[in-house]
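Me: Hi! I've got a model open and would like to talk it through with you. Could you start with a hairpin?

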Amino acid sequence: MKRKLLAILVIALSTAMMAQWPEKNGDYSILPDDITDLYGYEMITHTNGDTYFVYDSPQEGGIRTYLQILDKDGRKKFPEPLLISAERTRSWIMINQRLFVDRDGNALISVSDCRNAPLNAPAKTKVSPIENYARGIVAGGNRSLNYSIYKVAPDGTQLWGDKGIDLDEGHSYEVQAKINMIQLEDGSYVFAWMKTREEGAAMAIQLQRVSSDGTFLWENVQLADDVTPYQYPYLLNAGNNQVILVYAKGTNRDIMVRKIDFEGTPVWSEDVRVYRGGFPDIPLQIIVKAYPDPKGGVFVTWYDDRLFTNIESAYTSYVTPDGRLGYTAGEEGQKIGYAGFRSFASNLVYDTANDCAYVVWRETTLTQNFQRLMGQKLSMTGELMWGGEGVEIQPWAPASIGYYSVR
């Protein structure tokens, strides 16, 4: 019964939407149908059944960002995809949340481009040509970045103007990435992203709250100092117009949690350290994930090889609404899975009715020649309720397990 329940949860998301689009309607089968190259795409299905697609396409020597919306029957809302932005930008993909759909069905689209960078600024001279190239800076043009946000109504109207709003207010930065966005109960939006600062300073996390009409409401709310890098922000709505920020701090990349109030001020006396850090040199958005607790707390999942045995283990932690570690495992995190196998990429869902969490993760043999999908049920104190090893959802097989989710 437990295996059947988890299997239903895992496959439900991938089948629910497509089953409602009639196969005889071929109009939606190619999206878009007027170009051959697209990348950096995201999609979200709204509660009314509309599905939003944002994607980039290299055209006319540059990169253009487009939006298309499909209704619940799979029909395109716009005869041609809406052109959102054609500003000059870098030719490689940054890690971003490109798309957010608010309660009213408005699409918020983040665009990272070089509109604030001077065209003829000199190239960097203190680093090698290879490093300059890797940073996206070429001779004759400073290719530093800034974020702009577009707000598009369901009928295609640009609610924040054809240029969107400039989160960086005319400035640009050598590196910007990992933007997140959420909506609060009052209808305003909160954004968080990481960026470089002045020469030699460590990476910072910048935050901004924006009203529904596009007015900036916070002034210079950030996590920054000269020597400590702050990276990989995750934003979650904590209820009562408050925000949960999960982030990595320091060179060891400790996992930290901060709760922020309506004015941008920390709610707790100090941030909560979920895990003391120690990760491979892999971008943390692949390893760390965060999930809201409707009561105002947050679940965090990750995997690590803290004993340097080349055997990764999956962990999860819970931070209570008042800023305490809820699991008895404390900063170590609650380990899930079998100790003799490699465990990766946990996905979690909170069960409101039973006040518990379900976690699904991928396990492999040491050589990764065989893989399986596992599940576990955890109490709010971190007790493993389906035995010490969890339950098997997908048995061992030589085929690689790709994408999975749990709802």
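Reply: In the hairpin of β9 and β10, 5 residues lie between the strands, and Gly 187 among them takes a positive phi near 95 degrees. Strands here are DSSP runs of E with at least two residues, numbered from the N terminus. This is a predicted model, where local features need pLDDT of at least 70, side-chain atom pairs count only at pLDDT 80 or more, and totals for chains, interfaces and linings use all residues. Residues are numbered from 1 along each chain as its sequence is written, and side-chain values use heavy atoms, with hydrogens and water left out.

Me: Thanks. In what sense do β9 and β10 pair, and over how many bridges?

Reply: Antiparallel, over 6 bridges, with β9 covering residues 176–183. Two strands count as paired if DSSP finds at least two bridges between them. Ala 177 has Met 194 of β10 as its bridge partner.

Me: And how many bridges join β10 to β11?

Reply: 7, and these two also run antiparallel, β11 being residues 204–210.

Me: Why is β10 largely enclosed by the rest of the structure?

Reply: Because 7 of the 7 residues of β10 are buried, meaning under 20% relative accessible area with a 1.4 Å probe, protein chains only. In a regular strand, side chains alternate between the two faces of the sheet. In β10, Tyr 189, Phe 191, Trp 193 and Lys 195 are buried on one side, and Val 190, Ala 192 and Met 194 on the other.

Me: New topic: how many aromatic pairs does the structure hold?

Reply: 14. Rings of Phe, Tyr and Trp (its six-membered ring) pair if their centres lie within 6.5 Å; planes under 30 degrees apart are stacked, over 60 edge-to-face, and the rest tilted. One of the pairs is Tyr 147 with Trp 193, edge-to-face at 6.1 Å centre to centre and 80 degrees between the planes. That pair links distant parts of the chain, 46 residues apart, from β7 (146–152) to β10 (189–195).

Me: Is Tyr 147 buried or exposed?

Reply: Buried, at a relative accessible area of 0%, and Trp 193 is buried too, at 1%.

Me: Which ring has the charged end of Lys 178 over it?

Reply: The ring of Tyr 234, 3.9 Å from its centre. The cut-offs are NZ of Lys or CZ of Arg within 6 Å of the ring centre and within 35 degrees of the ring normal. Arg 209 likewise lies over the face of Phe 262, 3.7 Å from the ring centre.

Methods
Helix = DSSP H or I, 4+ residues; strand = E, 2+ residues; numbered from the N terminus. Buried < 20%, exposed > 50% of the residue type's maximum accessible area, 1.4 Å probe, protein only.
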